[in-house]
Amino acid sequence: MPYDCIVCVKQVPDTTNITGDAMKEDGTVNRAALPAIFNPEDLNALEAALEVKYRYGGTVTAISMGPPKAAEILRDCLYRGADRVILLTDRRAAASDTLATSYILSQAIRTIGQYDIVLCGRQAIDGDTAQVGPQLAEKLGLPQITYMERFWGIDGGWLRGRRNTGRGWEDVEAKLPVLVTVLGHANIPRPPSARRMMRFKHARAEAELRAEIAQEHPGISDSALEEELGRRKQKLAELGLLIDQWDLDKIGADLGRCGLAGSPTKVFRVQSIVLTKKGYTEIPPTPEGIRQLIHELVVDRTLG
Amino acid sequence: MGNFFLDNEDIQFLFNFLDLAEIAQLQETDTPNGDADYVPWDIQDAIDNYRRVLEIVGQIAADIIAPNAAKIDEEGNRLREDGTVELHPLVQENLRRVSQADLMGFTLPRKYGGLNCPNLVYTMATEIVSRADASFMNLFGLQGIAETIYAFAGEEIKDQVLPRFARGEVTGAMVLTEPEAGSDLQAVRLRAYQDEEGNWFLNGVKRFITNGCGEILLVLARSEPDITDGRGLSLFLTERSDRVRVRHLEHKLGIHGSPTCELVFEDAPAKLIGERQRGLITYVMALMNGARVSVAAQSLGIAEAAYRLARTYAHTRQQFGGPIEKLPPVAEMIVDMRVAIEAARALVYYTSRICDLENNNQRLLEWKKDLSAEERQHRKQLARSLKRLNGMLTPMSKYYASEMCCRVADMAIQVLGGSGYMKDYAAERYFRDARITTIYEGTSQLQIVAAVRAVVSGSFESFVAEWEGRKYDDPDLNQWQARLAQAKQEVLEAIQFTKKQPAGYLDLSGQRLVDAAIIVICGHLLLAQAACNERKRLVLQRFLRTQLPVSRTCCLQVLSGDTSPVDYYEQLAGPVPSAL
């Protein structure tokens, strides 16, 4: 029996290779200094959805909320096998915290309508909150399987998987429709397919086309721009290469629950941590030296 | 998240330098390659596709294939009792990943689901994969089998088999060697016979078959029992079945991930590829030429891996109060490894490019019925000259890159010293993997036989004459060009001398002539690169300062006229030992 999956994906600054200018003076992330990448665990969520698709049939829809540039990772979703992608972009959604984000995503998913499984990565590497998935399940009224590291299968309308709780494992099942958040070691994401890449690298969302035209024709009049935009959109639509672009109106969102207005999270304090080297300890390569090292690591709670 | 394409500045430099537009034009538009939703929009789009495909290859090589290599090398594949082979689980994983990425129909036309990439791009991909795991190249790099089926088989066979290759469902093997027919393939005995309805069957034994456990086997067999030489051989396609048994899996020095099989055919049903009697002389020769370029690319990949390990080690290993790369003899080894790789890469990639021009020109002649008489004449002439040029460059590439690879892998161990000799580092694996490259797909000695015929019959001279005509607006480069002209003159003198000697002297002096000729050819290729890249000027300078004297020495050796290995073999070789 086929199942329809929706995967929530996010473009994030690459925090794995932090350099000196990764943080701005005010303690916020300097996005310009870090390359934008596909949030790693969202790739695992996409892979889990593709596993469902290739095992049982059905479709995979990927949705990303973010600036127009986020269409880059949506194209990546298409290369890897997603059937449909949606760019959810709206200036009014800027500065949304996890509460507002999960609200907006829930509205978008309601707008999509048909689904059996919603998948999210466990957490994004920029905020590391792991809150959006669970909040989204609450808002959609879905059962949730968080921290999933094994997908066992779907049988009789029930999805079974293994959660890693950090202290052990739980094999659980939940009735569809269900939301799962996926761990980084749940699977190895498949590589992009070369043929799909050759086709879908041309896919664009309207906001990207608009920016492209403005760049190619500096000083173009509004009407000429709209005309050219219409032409390009039509051409891409005919080829099945126009990425759906939705705003808050399209998903019927209550603006009071979006963006800054809908975000109760207040940053209390930002600590700017500067890592400096303060000398070093030499560990002798003897059993005694190793014992001493382990002891110190346990004492300062690095281990255990 | 590594990437063996994006971290390799030389491959990327050559990608831009080698004018892919001309090849893409032929490959994508001038010859019909099937419609699909992934057809490039224009030439620039096609080139962008090639680059992105290499990025995918680079990513899989770095993130999946390379981390699996050591374990596969240690554990190898397994022969089951029923005569089938179980590939190592990580080899299967590698295959699954490259298939998911659509990389197993790399050069096949789109109508079969292939990527329709030029040979040059495939050569780059083969190098990148080989750097990650040389043994996996023998699965990834055997796509020449599908190419051969595409070039010579009937439409029915093509439609039946090629889409399965492109989907990565099947891999192939070229089944040529027999216990008594190694380098001398004319001696092949495996019998092909027909029943009353004209169906073909195969009977006999094949040995040393790379990936002989693959699903699609191209088998060279004797279809004409009364003709004892190569003209009695035809090429057959047979699929894996219980009539084809793997009797033995070889235990090898290196490339442990690649299963080398002894195969027994027991009335295995087969289909004839192309025409009878053209098996060896036409089809296998074409197949081998492609495979030789693949092995040359594999050699580049192994050498690149060895060089990178040595370069990193020399930078971090402290001795005498500093990193060992500060010691001039170590610095020289590292630099010579790198320069040797770049010289060989220049030759191999250039050769691939010529292969593309030759293949596409040939297809154009076959498919375009509306060519004007003048155009057709011109293309025919071009086909002849490209074929002649490839007849020289392909064996040269295979010979030069594989010998370079063994030397570089050897030097890597030397740089690592005692550590390099231990299993703790990959240097010893590279060394073992490298060793096959000068042997399979024709030994170095056979490559020399093929290349030297071309060198003495004018191909070398006309190739160099064309390159000497290039104008460089730079006194330094002009000076090097003049030095190369002088080196060419010395080679021509050595050739003249050889021609005046009794027959047989050519075989004896072949290696020296080919070595000298390759140095001149690579010199010209590097000269052109130096004209548009500052660092390459230093590469050119180092290459010519060290190699022009080698070229001269080769020529002097030829001029010595020494034939003592043949004349005084018994005295010089000593008696055959009574015990080993």
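Met174(B) stands opposite Leu218(B), a residue of strand β6(B). This is a predicted model, and what I report is computed from it. The strands concerned are β3(B) and β6(B), the latter spanning residues 216-222 of chain B; they pair in the parallel sense, over 4 bridges.

Are the faces of β3(B) covered or open? Both are covered. Gly172(B) and Met174(B) are buried on one side, and Ala173(B) and Val175(B) are buried on the other.

I turn now to two helices of chain B. Helix α14(B) covers residues 444-456 and helix α17(B) residues 505-530; their axes come within 9 Å and cross at roughly 75°. With that crossing angle falling between 65 and 115 degrees, α14(B) is therefore roughly perpendicular to α17(B). Among the residues making this contact are Ile448(B), Val452(B) and Val455(B) from α14(B), together with Leu506(B), Leu513(B) and Val514(B) from α17(B). By class, the contact comprises 10 nonpolar and 2 polar residues, with no charged ones.

Next, chain A. Its secondary structure comes to 8 helices and 12 strands, and its C-alpha atoms fill a box of roughly 75 × 55 × 45 Å along the principal axes. Of its 304 residues, 38% are buried. Among contacts in chain A with a separation of 6 or more, 70% join residues 24 or more positions apart.

Finally, how many residues does each chain bring to the contact between A and B? Chain A provides 10 and chain B provides 15. The chain A side consists of 5 nonpolar, 1 polar and 4 charged residues.

Note on methods
Residues numbered from 1 in each chain as written. Chains lettered and ligands numbered in written order. Predicted model: local features only at pLDDT ≥ 70, side-chain atom pairs only at ≥ 80, totals over all residues. Buried ≥ 20, exposed ≤ 12 C-beta atoms within 10 Å, placed from the backbone. Pairing = 2+ DSSP bridges. Contact = placed C-beta atoms within 7 Å. Nonpolar A, V, L, I, M, F, W, Y, C, P; charged D, E, K, R; others polar. Axes fitted to C-alpha atoms, helices over the stretch in contact; angles between N-to-C directions. Parallel < 35°, antiparallel > 145°, perpendicular 65-115°, else oblique.
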